[in-house]
Amino acid sequence: RCGSLASRIAQPSSRVARHGKARGINRSHCDRGYSNASKKPMTMNDLPQPQGSWAKRHERMQKKYNLQLAVGLGFAGFTLFAAKQSGLVNFYFGPGKLKFGKGVESKEQEAAAVEEETITEPPADVESEALPETPVETPLAAPIDTESAAAPSAPVDTKPASAPPTPVEVPAKPKQVEEAAITESSAVVSKSEDAKSASTAKESAGKVSDIPEHVPYLIIGAGTSSVAAFRAIKAKDAKAKVLVISGEGENPYMRPPLSKELWYSDDIEATNKLRFKQWNGKERSIYFEHEEYYTPVKELATRENGGISIVKGRKVVKLDVHKKRAFMDDRSEVSYDKCLIATGGTPKPLPVFDNAGEDVLKNVTLFRSVSDFQRLHNVAQQGKHITIIGGGFLGSELACALGYKLKATSGSVTQIYPEAGNMGRVLPEYLSKWTTEKVKSEGIEIIPNSFVEEVKSAKDEKVKLKLNTGKEIVTDHVVVAVGLEPNVELAQSSGLEIDDTHGGFRVNAELEARSNLWVAGDAACFFDIKLGRRRVEHHDHAIVSGRLAGENMTGSGKPYWHQSMFWSDLGPEVGYEAIGIVDSSLPTVGVLAKATAKDTPKAVVEATGESLRSETEQVADTSSLMHSSDPHAPLKGEDYGKGIIFYLRENIVVGIVLWNVYNWMPIARKIIKDGKSYDDLSEVAK
Amino acid sequence: MSYCKQEGKDRVVFVTEEDHNAPAAVSLPEEDEPPAGLIQPDGEINWACPCLGGMTTGPCGVEFRESFTCFHYSTADPKGSDCFEPFSRMTECMSQYPNVYGSKNDDREMPKDELTSEDSSEIGHSEVSAKA
């Protein structure tokens, strides 16, 4: 109401009055009471009157304010929550809880139980050595309390059920501690051999003496990295004594032939003996060394000139890094000066198969080891239909290899993968398409952009796969090649760090995880000075890192510098070598030309006599900087015969693929090492 | 004529013979360290040299090193004639491991020039060379 306004606002300006007059608005009432007293004076009655009860109004207003407050708080809370979840804002709550990966969580119980067992071992049998401190953990405190001394020294036969991991005979020393712990732990590896020797008093002592009590060099895992490491150790330290523990139970062997050369041989006998013919006709075994090369374990400790011994059938389950002791799953242990973890990895399983029944699983192979190869080879001999799941290196190589093999036995191969083309995550799209066409031309049925949703067993011992696209496939055997899970069970039991991004044990550029402990090969997530932290799962890297670790174990302290390469052959006609980070998500520049007959893997091996491509580098003559053969003009339809693909990260070359171009790896290696950015990569390609 | 095309983030360059046969405009810097040979700059034997194959790391590695060291520092004429004893110990040791040191086996090749002091590129078995 104008009247109330009057008291609050200043005198109207003359402009307003004129404006009012001009517009014909009758503002005479709004003269704020300063002009003639035409209005009657205000009275108390004109004061605003309460429209209702104060309380009710107050409540109403409060309700409104409360609602506003609630909405405001809710929105603020939601914002904070969204900020935290999206990772935009780091709240810096403090160092995160140690994460050990999914697989290890389930084994916690096992590991903990084993810990208790193995830890309590020392006091029992090594009394004479007066081994004082056992790292008795707090979990032991609980079992000690709960168990009574009634358990001790009972002969094994009387309690077979309660203690499958048969307690070691500790006759005259009924240490409640260990008895309690041992009878407690039920989920542990069983040692049936222990049960038989129930009569012997110091049964454990007998166990300990079959491997040395102490070795200067301990290598966990007997794969490619281990070989490179023990060779490097022996080269530096002539009389070194090296103990190698093989979880897989085999002498060290090369893995690449399992998916390549071994399938292309026509000599079944040789294949069964795991000998293969290289492309040039020379035969060799997949095993790195003959059995004689290795010193028998019993002799290692006393052999004057040292040696390398392989222990099979045991696994190391815990390392006491500080005290430098390794504990095995059969309760034997060994102390060391320097240790290398080269445990490699296990093939990744597919959940859809884990839940399938036993009769399906017997027709499924998770391909990695020699025994997997032998099994698959048997199946292939019978001329069946094999389905491969996975379109990466292993999957594609196996597809081509099996395709070749099954031609003779009238079997067939199907390959299923979620990417659009073979090697889809490695090669740029155009090359991946070309590779896929090549694989198809070998007679393999390819089903891209698919994965298996359901698996059932079908009649005649076959397996029925149902894909996400709705397609159904009935097959005799399934091979799963979907990646590798590094074997890091030791991390949790031994206090080692695991990398969450890449998986594997985290080590520095010198491959050290902790003092006197190194990791090499597939299981090592290391810091590459040139390319950043990464984990590489290739043969040459295993050798390079194994050798580096071996050298560092003998005191070199060198960082990882020699960039490892890798190669892949899709049959004898198409192959490529690569180095560095080769990830198809990076922008690439390819320089290509048409290939000639000289540019095939076969030709390379014929010329240099060496099938392991990492060797051909040294043997071939790379002194001249010119091309090894002349490129021809490209055809109308692009033919990706041969060429060089550069992978760029922030315009610096971080990876190179030499497509059907061989023996130029040293130059490629140099380019990566220099880490410069080049304007015209075709000049570099020359 | 070379031509280029772009497929998304991937660039492809097709080159012709003429363009590629011209010398490269970009030159890579020289190798900073030539690969180490059998004899190190200070005259010591480099036991990690791939030219020695598996001789240094095998079961007879120590015997081999003794005989080779003796040969290397020998001043007699002909060189090494005063090293009969270490050599005989080595041959005796090697005879105990025919499968490792067999000379006629297909799966293992002896390095051809173990007694020369020159660098060689022979590789006895699958050992990868170090670049420095």
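Which residues of chain B does UniProt give the feature "domain: CHCH"?

View 1. The UniProt record, an unreviewed entry, places "domain: CHCH" at residues 60–96 of chain B. Such annotations may be inferred rather than shown by experiment. In this predicted model, local features need pLDDT of at least 70, side-chain atom pairs count only at pLDDT 80 or more, and totals for chains, interfaces and linings use all residues. Residues are numbered from 1 along each chain as its sequence is written, chains are lettered from A, and side-chain values use heavy atoms, without hydrogens and water. The end C-alpha atoms of residues 60–96 of chain B lie 9 Å apart. The span is 68% helix and 0% strand (DSSP runs: helices H or I, at least four residues; strands E, at least two).

**View 2. An open sheet in chain A.** Three antiparallel strands line up as S14-S15-S16 (pairing takes at least two DSSP bridges). Strands S14 (452–458) and S16 (472–475) of chain A are the edges, each pairing on one side only. Four bridges join S15 (residues 462–467) to S16 in chain A. Leu465(A) has Ile473(A) as its bridge partner in S16(A).

**View 3. Nonpolar cores.** The largest nonpolar core holds 144 residues (buried Ala, Val, Leu, Ile, Met, Phe, Trp, Tyr and Cys joined through side-chain atoms within 4.5 Å; buried means under 20% relative accessible area, 1.4 Å probe, protein chains only). Leu218(A), Leu319(A) and Ile656(A) touch the most other members. Apart from this core lies another, of 15 residues, including Val452(A) and Val463(A).

Key:
Buried < 20%, exposed > 50% of the residue type's maximum accessible area, 1.4 Å probe, protein only.
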